[in-house]
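Reader: I would like to learn how to read the features of a model like this one. Please take them one at a time, with the general idea before the case.

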Amino acid sequence: MMDGNGKQTGSGPAVYGLQKLSLVDWPGGLAATVFTGGCDLRCPFCYNASLVEYEKYKTEKIDLDTVFSFLEERKGLLDAVVLSGGEPLMQLGVEEFAERVRDMGFIFKLDTNGTYPKRLAALIDAGLVDYVAMDIKNSPEKYARTAGLPVINISDISESIEVLEKSGIDHEFRTTVVRQFHTPRDLLQIAEWLRGASKYFIQKFTDPGALVGDMKLTSYSDEEMQGLKNMLEPYFDEVAVRGADV
């Protein structure tokens, strides 16, 4: 875990959010989603500002004993536990968390931004993860700006893509599509980058009113999202739109 100064303590991730029931985070089943605090990216369209900047928002940390007590009560009722963020892999203790979750009989899913390929590979190699959802922020040339950073090590992202593609475990790549950051050309470049991947999902941006950035951002219409989906379908076995009525 990490204390208020970002220093590691204990043997598990620092939890700052718990969604006790999710109908969308695990395909075809019921899940609880555990949110870690902190992230190495600052995507302006991120709606988890209270997690990414938990100190600024004075978000209260949740004790791991509380999390596991809740999960103990949900055995047989929930199918999966999702570890999301923030960015879970920036912390230590994810392996111990995943092992305990799976020992309780739950499927374990990880959400990641792909900036920690070595930790991702170690988790997979240890057989502790059943499904990974990796965010692809944009085409390589626009990645840093979209992630809210002056520069980014794009090789880490590429390595994480390769780790997942070679892993043999079920996984998906996904992009939140924002009009101010993503053009159809950008999405085609992403498709070329991910060529060979089986699943790619585009998510319609929504603004809940508490974003990481202070930009005025807008989404594509449902009809435009459908058009983007049609454009991308030749590149993947499965393409779908999330958050839109298409």
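Author: Begin with burial: buried means under 20% relative accessible area, exposed over 50%, and partly exposed in between, with a 1.4 Å probe and protein chains only. Strands (E, at least two residues) and helices (H or I, at least four) are DSSP runs, numbered from the N terminus. In this predicted model, 5 of the 5 residues of strand S3 (residues 80-84) are buried, so S3 is largely enclosed by the rest of the structure. Ala-80, Val-82 and Ser-84 point one way from S3, Val-81 and Leu-83 point the other way, and all are buried.

Reader: What pLDDT does the protein chain average?

Author: pLDDT is the predictor's confidence in each residue, from 0 to 100. The protein chain averages 93, and 95% of the residues score at least 70. Over residues 1-10 the pLDDT is below 50; beyond near neighbours in sequence, this stretch has 27 contacts in the model, a contact being heavy atoms within 4.5 Å.

Reader: How many bridges join strand S2 to S3?

Author: Two strands pair if DSSP finds at least two bridges between them. S2 (residues 31-36) and S3 run parallel and are joined by 5 bridges; Val-34 has Leu-83 as its bridge partner in S3. S3 also runs parallel to strand S4 (residues 107-112), with 4 bridges, and there Leu-83 stands opposite Leu-110.

Reader: What unit do S3, helix H4 and S4 make?

Author: A crossover is right-handed if, with the strands pointing away from the viewer, the path from the first strand over the helix to the second runs clockwise. S3, H4 (residues 94-103) and S4 make a right-handed β-α-β unit. Strand S6 (170-177), helix H8 (residues 184-193) and S7 make a right-handed β-α-β unit too. From S7 the chain crosses through helix H9 (residues 222-232) to S8, and this β-α-β crossover is right-handed.

Reader: How many residues of S7 are buried?

Author: In S7 (199-204), 5 of the 6 residues are buried. S7 runs parallel to S6, with 5 bridges, and parallel to S8, also with 5 bridges. Lys-199 stands opposite Glu-238 in S8.

Reader: How much space lies in the largest pocket?

Author: On a 1 Å grid over the protein atoms alone, a pocket is an open set of points where a 1.4 Å probe fits, with protein on both sides within 12 Å along at least five of seven lines; lining residues have an atom within 4 Å of a point. Grid points are joined across faces, edges and corners, and a volume is the space filled by probe spheres set on the points. The largest pocket holds about 1100 Å³. Of the 39 residues that line this pocket, the closest to its centre are Tyr-47, Asp-135, Arg-174, Thr-176 and Gln-203. S6 gives the most to the lining, with 4 residues.

Reader: Why does Thr-59 count as buried?

Author: Thr-59 counts as buried because its relative accessibility is 19%. Thr-59 lies in the loop between helix H2 (54-57) and helix H3 (64-73).

Note on methods: Residues are numbered from 1 along each chain as its sequence is written. This is a predicted model: local features need pLDDT of at least 70, side-chain atom pairs count only at pLDDT 80 or more; totals for chains, interfaces and linings use all residues. Side-chain values use heavy atoms; hydrogens and water are left out.
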